[in-house]
Amino acid sequence: MSDSHTHDVSKHVRSYVLVFAALAVLTIVTVWVASFEFTVGAAVAVALIIATFKGSLVASFFMHLVSEKKAIYWLLALTAIFFVVLIFLPLGAMLDHQGTPNVP
Amino acid sequence: MDIPYTVDARPDTGMYNAKLGIWLFLASEVMLFGALFSSYILLRVAAPEWPRGASILSVPLATLNTMLLISSSVTMVMSWASLKMKKFGAYRVYLGLTLLFGLGFLIVKSFEYGAKFSHHLYPGDSTFMAIYFTLTGLHVLHVLGGMIVNAYLWGPGAKMWKTAPEQFTNRVEVAGLYWHFVDLVWIFLFPVLYLL
């Protein structure tokens with residue numbers, strides 16, 4: 001392993017510590033914000049925005065997605081598309097039938 | 001016969017095989033948890049009323065568990081970074097801490113489950129409890145699986161450091177990618193089940 005490689009990793013170590021601190025603070029913020037009297041919609045939005053930000057920090061730095069190979073990005077883009085379909089297709093189908101009588 | 005591309009990057013993918021393998025596995029994991037999150041949304045939207053997680057579950061214990069898992073994630077990545085810097089002793093310390101944080105998570109979770117059972121709250125009692133036990137139970141199994149792999153890499157599997165250090169470092173990276181994914185899932189489970 002070259003000295004420059006070792007130096008690169010030691011630079012990353014600093015970012016890992018910063019990300020850990022950010023995750024800890026954001027966890028406290030998540031709990032604090034949940035004590036506000038938001039409507040359900042607003043509470044869901046705020047909680048998921050913070051969770052998504054925390055998740056991106058983990059994926060970007062701990063899982064090294066900030067500097068990953070193209071094949072991984074394509075794989076994850078495809079996964080994201082199917083994930084969105086998985087979440088919204090059943091929901092859309094259900095909302096489509098809401099209010100209609102359950103006729104056999 | 002040697003297994004190809006355990007260290008060197010495959011020319012067409014630009015990475016060693018195990019890395020592509022673990023990302024493909026994680027993609028399937030996204031769909032597994034995604035299906036359960038989708039079920040959660042459907043059940044919640046269709047329910048005439050839905051309890052606030054905090055009224056049934058312990059937010060302080062779940063917050064503690066979140067802290068334990070994010071701590072385990074940073075020690076996991078530090079263990080890999082230690083190997084990259086050829087500090088095997090530090091690797092052992094960081095991976096050992098990762099295991100302890102994981103164990104702490106499981107202990108806290110067992111207290112949580114125990115409290116629910118002592119109040120006669122079981123998966124069959126309500127839709128909320130059913131989805132709570134399904135999601136957290138599957139997550140706990142993932143934590144357990146990750147800990148078994150990490151324990152192997154900390155103990156007997158660490159012998160490889162002497163014979164094939166780069167391959168061993170890659171093994172730790174792959175185990176780390178899985179462990180971070182388990183942390184990532186919890187980051188979403190925590191607000192969804194406990195706070196909303």
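Helices (H or I, at least four residues) and strands (E, at least two) are DSSP runs, numbered from the N terminus. The model is predicted, so local features need pLDDT of at least 70, side-chain atom pairs count only at pLDDT 80 or more, and totals for chains, interfaces and linings use all residues. Residues are numbered from 1 along each chain as written, chains are lettered from A and ligands numbered from 1 in written order, and side-chain values use heavy atoms, without hydrogens and water.

Pro4(B) lies in the segment before H1 of chain B. Pro4(B) is partly exposed, at 44% relative accessibility (buried is under 20% relative accessible area, exposed over 50%, partly exposed in between; 1.4 Å probe, protein chains only). Its C-alpha atom is 24 Å from that of Lys86(B), 82 residues away along the chain.

Within chain B, H1 (residues 17-46) packs on H5 (residues 127-154) at about 165°, with axes 10 Å apart. H1(B) is therefore roughly antiparallel to H5(B) (angles over 145 degrees). Contacts (heavy atoms within 4.5 Å) include Phe33(B) and Tyr40(B) of H1(B), and Leu135(B) and His139(B) of H5(B). The contact residues comprise eight nonpolar, five polar and one charged (Ala, Val, Leu, Ile, Met, Phe, Trp, Tyr, Cys and Pro are nonpolar, Asp, Glu, Lys and Arg charged, the others, Gly among them, polar).

Terms used:
Axes fitted to C-alpha atoms, helices over the stretch in contact; angles between N-to-C directions. Parallel < 35°, antiparallel > 145°, perpendicular 65-115°, else oblique.
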